[in-house]
Amino acid sequence: MNAEDYQSRDAIGLADLVARKEVSESEVLDAALDRLEQVNGTLNAVINVLEDEARGAIAEGLPDGPLRGVPFLLKDLGVWMKGVPTGSGSRLFQNAAPAAVDSALTAAYRAAGLVLFGKTNTPEFGMAATTEPAVTGATLNPWNLERTCGGSSGGAASAVAAGVLPAAHASDGGGSIRIPASCCGLFGLKPSRGRVSPAPLGDSWNGFAVNHAVTRTVRDSALLLDISCRLVAEEPYGLEPPSAPFLNEVGRDPGKLRIGYVRGALMAPGIEAPVARAMSDAAHLCESLGHGVEETTIPADFAAMREAANDLVSASAALMFERIGKQRGRSITEDEVESVPWIVAQRGAAISAIEAMDCFQTLYDFSRIVARTLANYDVLLISTLGRLPPPVGELSTVAVDPDAYPDALYAFMPNTQPFNVSGATAMSVPLGWSDEGLPIGVQFVAKRGAEAVLLRLAGQLEAAQPWIQRRPDEHGWARG
């Protein structure tokens with residue numbers, strides 16, 4: 001299988017070649033590993049290559065699932081792979097014991113026939129919108145090596161954008177699927193709260209975080225969601241799988257949608273001109289497709305939401321640090337972690353139970369306002385990011401000014417976290433491009449459980465303005 005044959009196909013396309021015996025599973029894996037060797041020395045997207053495990057799975061015989069033989073990468077955070085440690089982007093876990101079992105999601109991927117061949121880079125504990133952990137180094141953006149690939153699923157997005165594979169596991173607790181998808185020109189769907197089980201791990205960030213993927217095509221995202229949305233009985237807020245597969249929604253006529261266009265930024269002063277232009281173009285595209293687009297607002301207190309959400313994330317971080325300390329027999333010290341996780345955990349340790357409960361009430365009230373707004377529309381249209389991908393290092397979490405960092409962070413990602421808090425489903429669609437050729441994602445949001453609406457719209461947008469043929473210009477940085 002030559003490089004062009006491999007890189008020009010999405011996951012479903014590769015699985016079809018394998019099913020028709022035009023290529024073998026080993027040949028497809030060889031193509032993935034060859035491409036990884038060409039680009040990973042520059043991009044640093046994959047920090048644990050699991051070639052032996054992948055070849056062993058093929059030798060044992062892969063399940064006859066819908067993506068049999070397709071190479072796949074797991075984010076090195078939030079999911080377990082039996083026999084492999086999870087580093088979470090931190091020095092604290094560099095000598096972690098291998099996982100004793102697969103997470104439910106990993107097991108679902110294996111059952112679908114995916115070939116797991118590595119783990120992708122992530123910021124420490126996923127607490128960043130870029131991917132620049134001190135322990136494994138920065139992951140770079142294939143579109144421009146001087147710009148961030150986003151985070152926290154930056155390793156996944158960089159690998160997919162560079163053609164190492166067509167889709168990769170990702171997770172999103174405040175925008176961590178949508179942010180790197182926007183930075184790297186990919187499709188990134190954040191499922192609804194409860195759609196994908198984290199079992200056997202517990203609630204992540206009070207239910208804000210959810211697992212899924214970054215992909216080059218809409219149909220791959222839909223099929224991966226079908227594979228992963230298995231209801232686990234003990235989940236506190238699990239959603240039943242849909243009556244019809246999500247894959248069937250791609251290509252279906254979405255009908256005339258009521259689209260509420262939210263201009264600007266929810267948690268920052270505004271958005272940059274290239275992003276604003278991409279948003280306006282997207283609104284016009286939607287109108288040209290027959291949808292009704294009208295400007296609207298979300299009448300919520302976003303400053304209060306931001307503070308309450310971050311307090312709860314901080315409390316979760318403090319609990320994590322305390323448990324790690326008890327497990328190893330000594331407390332975590334400031335010199336063992338990066339600045340942001342340390343500051344976040346210290347803030348969380350100072351929050352009282354009464355203050356935490358007040359945060360929950362603030363976020364319940366906020367979520368009701370979002371739900372009422374979404375009740376007036378089929379989807380909301382809003383920017384994914386507030387600016388183009390910033391230079392690598394600008395939002396580093398290794399050493400930060402605690403007074404300046406939050407505002408700089410939210411200037412970059414002003415519009416993603418609210419929909420983690422509310423539990424709504426949202427997607428970043430690569431519809432915009434800057435004059436310098438940097439991708440700009442456009443975000444669409446639908447009510448909790450309405451992934452089908454987003455996938456129908458995404459399929460229509462993909463057909464009207466295809467993006468899969470766009471690939472980064474490697475300017476000689478890829479070997480081979």
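**Exercise 1.** In this predicted model, determine in which sense β2 and strand β3 pair, and over how many bridges.

*Solution.* Strand β3 covers residues 115–120, and its pairing with β2 is parallel, over four bridges. One of the residue pairs can be named: K75 has T120 in β3 as its bridge partner.

**Exercise 2.** Classify the relative orientation of α2 and α8, and state which residues make the contact.

*Solution.* The axes of helix α2 (residues 11–19) and helix α8 (residues 218–228) come within 8 Å, crossing at roughly 75 degrees. Angles of 65 to 115 degrees count as roughly perpendicular, and α2 and α8 are therefore assigned to that class. On the α2 side the contact involves A11, I12 and G13; on the α8 side, R219, D220 and L223. Sorted by class, these are three nonpolar, one polar and two charged residues.

**Exercise 3.** Decide whether T425 is buried or exposed, and find which backbone oxygen its side chain reaches.

*Solution.* T425 lies in strand β12 (residues 425–433). Its relative accessibility is 0%, so T425 counts as buried. The T425 side chain reaches the backbone oxygen of K190 at 2.8 Å. Beyond four places in sequence, T425 touches residues including L189, P191, F444 and L454.

Notes:
Residues numbered from 1 in each chain as written. Predicted model: local features only at pLDDT ≥ 70, side-chain atom pairs only at ≥ 80, totals over all residues. Heavy atoms only, no water. Axes fitted to C-alpha atoms, helices over the stretch in contact; angles between N-to-C directions. Helix = DSSP H or I, 4+ residues; strand = E, 2+ residues; numbered from the N terminus. Parallel < 35°, antiparallel > 145°, perpendicular 65-115°, else oblique. Contact = heavy atoms within 4.5 Å. Nonpolar A, V, L, I, M, F, W, Y, C, P; charged D, E, K, R; others polar. Buried < 20%, exposed > 50% of the residue type's maximum accessible area, 1.4 Å probe, protein only. Polar contact = N/O pair within 3.5 Å; in protein donor to acceptor, adjacent residues only side chain to side chain. Pairing = 2+ DSSP bridges.
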